[in-house]
Amino acid sequence: MSGRNVAMREPTYFVLASLIDGPLHGYAIIKRTGELSGGRVRLATGTLYTALDRLTAEGYVTQVGEEVVNGRTRRSYALTGTGTAALQAEAQRMAAAARVVMESAVSPPGARARRQRPREATA
Amino acid sequence: MSPLEHRYRRLMRAYPKQYRSARADEMLGTLLDTAAPGQRHPTARESAALILGGIRARSATNANMPAPASFRLAAMLACSTYVGIWTAMQTRQLIAVGPDAPWPHATTTRAAITWVALVGATIAVWFVRREIAVPVLVGALTAALFWNLAGPPLTVCMLLLALLTAARTEQLPKAWLWWSCVPVAFIAGLRAGDSAGLHRVRRSGAWRRLSPHRQDSPYLPRDQRGGSAAAAGADRTAPSQGGDLTGPVSRRRPGWRR
């Protein structure tokens, strides 16, 4: 299941992105995800751990450390090589998708019309 | 333990025990870290996420079970749903018959005996008591056939239970999921009853005329089939389940008695 062809969901993308700079624990992932997405992705704790379970099972994320804080276990998670590759592939896919719109937006409307006219003539 | 922590712990019961023993502490730490200062109650969003997460964790546990165990769980879900729907039907009938109907009367008693046997067999299968499950199941089926209470759903339910009993080689997975079908099906059955217009039966007082226990009722001939026909004719919206176990897809329309 690791070689996914479908687009990543936004929370998954930002959870993986939050781990680019190094391992983080649950609370730090929630905070970092919020920052990176400009506050758009607000992960609930239950959602985060469901996502972490799934990403761990898919081999994108791994548990790297464990410490006890205030008598409770706190585990840290890190991106794996597969996770990094998947994140980069998704970023490239989104960049390519963005280019389609951005390039059309910067070219003058007349140029688009000229591009379309020969097709209409042949139709 | 703070009230918030206590409430979070309660919500986390949605997760399977095995999962909780591995993750509960860590999750609880994160939950308390994300809580606002002075917060006493979990937010609706957080509660929903925990319950959904729990259901997902349970389905993941169930997804890893071998195929025969999955089949058994599916069969138990089907049986539980049927029991829930049937209980709702019986409740509706008792409500429609009204307070002047003494209970237990014959049909209800027979149906109740068969139902208790069915539930007993289900529980016996669940707890791997084949020596109890087989005779109880045979007894329930005999009673259903003898009293002419059997219908397609009951037969399918019984056959599933028989298969489960016969095929049993290992303990069923300890999941509460199939129990959850009973209240859900019960509510669905009641809703179905509402849309069938039973409330109209009560409001119009038709249940008084339909009650087989009113000796002065002009619609109650000695012949019980006649009574059924009168009941069916008195109000088209009368419930068709009677005291049988045939459930919502009954082929017969027995009225209150046979």
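This is a predicted model: local features need pLDDT of at least 70, side-chain atom pairs count only at pLDDT 80 or more; totals for chains, interfaces and linings use all residues.
User: Where is Ser18(A), and what does it touch?

Analyst: Ser18(A) sits in helix H1 of chain A. Leaving aside residues up to four places away in sequence, Ser18(A) touches Leu24(A), Ile29(A), Arg32(A), Thr33(A) and Leu36(A). The side chain of Ser18(A) also reaches the backbone oxygen of Val15(A) at 2.6 Å.

User: What makes you call H1(A) mostly covered?

Analyst: The count of buried residues: 7 of the 9 residues in H1(A) are buried. Those buried residues are Thr12(A), Tyr13(A), Phe14(A), Val15(A), Leu16(A), Ala17(A) and Ser18(A).

User: Which residues have the most contacts inside the largest nonpolar core?

Analyst: They are Leu16(A), Leu48(A), Leu52(A), Val61(A) and Leu50(B), in a core of 34 residues. Two or more residues each come from helices H1 (10-18), H2 (26-36), H3 (45-57) and H4 (81-106) and strand S3 (72-79) of chain A, together with helices H1 (3-11), H2 and H3 of chain B. As for Leu52(A), its contacts are Val15(A), Ile29(A), Val61(A) and Tyr77(A), not counting residues up to four places away in sequence. As background, nonpolar side chains tend to be buried together in soluble globular proteins.

User: Why is Asn70(A) called exposed?

Analyst: Asn70(A) has a relative accessible area of 72%, and the cut-off is over 50%, so Asn70(A) is exposed. Asn70(A) is found in the loop between strand S2 (61-69) and S3 of chain A. Asn70(A) also has a positive phi of about 50°, although it is not a glycine.

User: How do you know that Asp33(B) and Arg74(A) form a salt bridge?

Analyst: Their side chains meet at 3.1 Å, N to O. The rule asks for a side-chain nitrogen of Lys or Arg within 4 Å of a carboxyl oxygen of Asp or Glu, so this pair qualifies. Asp33(B) lies in helix H2 of chain B and Arg74(A) in strand S3 of chain A, so the pair joins two chains.

User: Are Asp33(B) and Arg74(A) buried, exposed or partly exposed; what do the values say?

Analyst: Asp33(B) has 32% relative accessibility, which makes it partly exposed. Arg74(A), with a relative accessible area of 22%, is partly exposed too.

User: How many salt bridges and polar contacts does the rule find across the interface of chain B and chain A?

Analyst: There are 4 salt bridges across the interface, along with 12 residue pairs in polar contact. The elements that give two or more residues to the side of chain B that touches chain A are helix H2 (17-34) and helix H3 (44-63) of chain B. H2(B) gives the most, with 13 residues. That side of chain B divides into 9 nonpolar, 4 polar and 8 charged residues. In terms of contact, 21 residues of chain B meet 18 residues of chain A. The two chains bury about 1,700 Å² between them, 46% of it on carbon and sulfur atoms.

User: What makes Arg23(B) part of a network?

Analyst: Arg23(B) has a salt bridge to Asp53(A) at 2.5 Å, N to O. Arg23(B) also forms one with Glu26(B), with the closest N and O atoms 3.1 Å apart. The linked residues are Asp53(A), Glu66(A), Arg75(A), Arg23(B) and Glu26(B). Arg23(B) and Glu26(B) are 3 residues apart in helix H2 of chain B, so about one helical turn separates them. Arg23(B) counts as buried at 10% relative accessibility, and Glu26(B) counts as buried at 3%.

User: Why is the pair Glu90(A) and Arg93(A) said to be separated by about one helical turn?

Analyst: Because they are 3 residues apart in helix H4 of chain A. Glu90(A) is buried, with a relative accessible area of 6%, whereas Arg93(A) counts as partly exposed at 38% relative accessibility.

Conventions. Residues are numbered from 1 along each chain as its sequence is written. Chains are lettered from A and ligands numbered from 1 in the order in which they are written. Side-chain values use heavy atoms; hydrogens and water are left out. Contact means heavy atoms within 4.5 Å. Buried area is the accessible area (1.4 Å probe) that two parts lose on being put together, summed over both. A polar contact is a pair of N or O atoms within 3.5 Å; within protein, one must be able to donate a hydrogen and the other to accept it, and residues adjacent in sequence count only if both atoms are side-chain atoms. Helices (H or I, at least four residues) and strands (E, at least two) are DSSP runs, numbered from the N terminus. Ala, Val, Leu, Ile, Met, Phe, Trp, Tyr, Cys and Pro count as nonpolar, Asp, Glu, Lys and Arg as charged, and the others, Gly among them, as polar. A nonpolar core is a set of buried Ala, Val, Leu, Ile, Met, Phe, Trp, Tyr and Cys residues joined through side-chain atoms within 4.5 Å. Buried means under 20% relative accessible area, exposed over 50%, partly exposed in between (1.4 Å probe, protein chains only).
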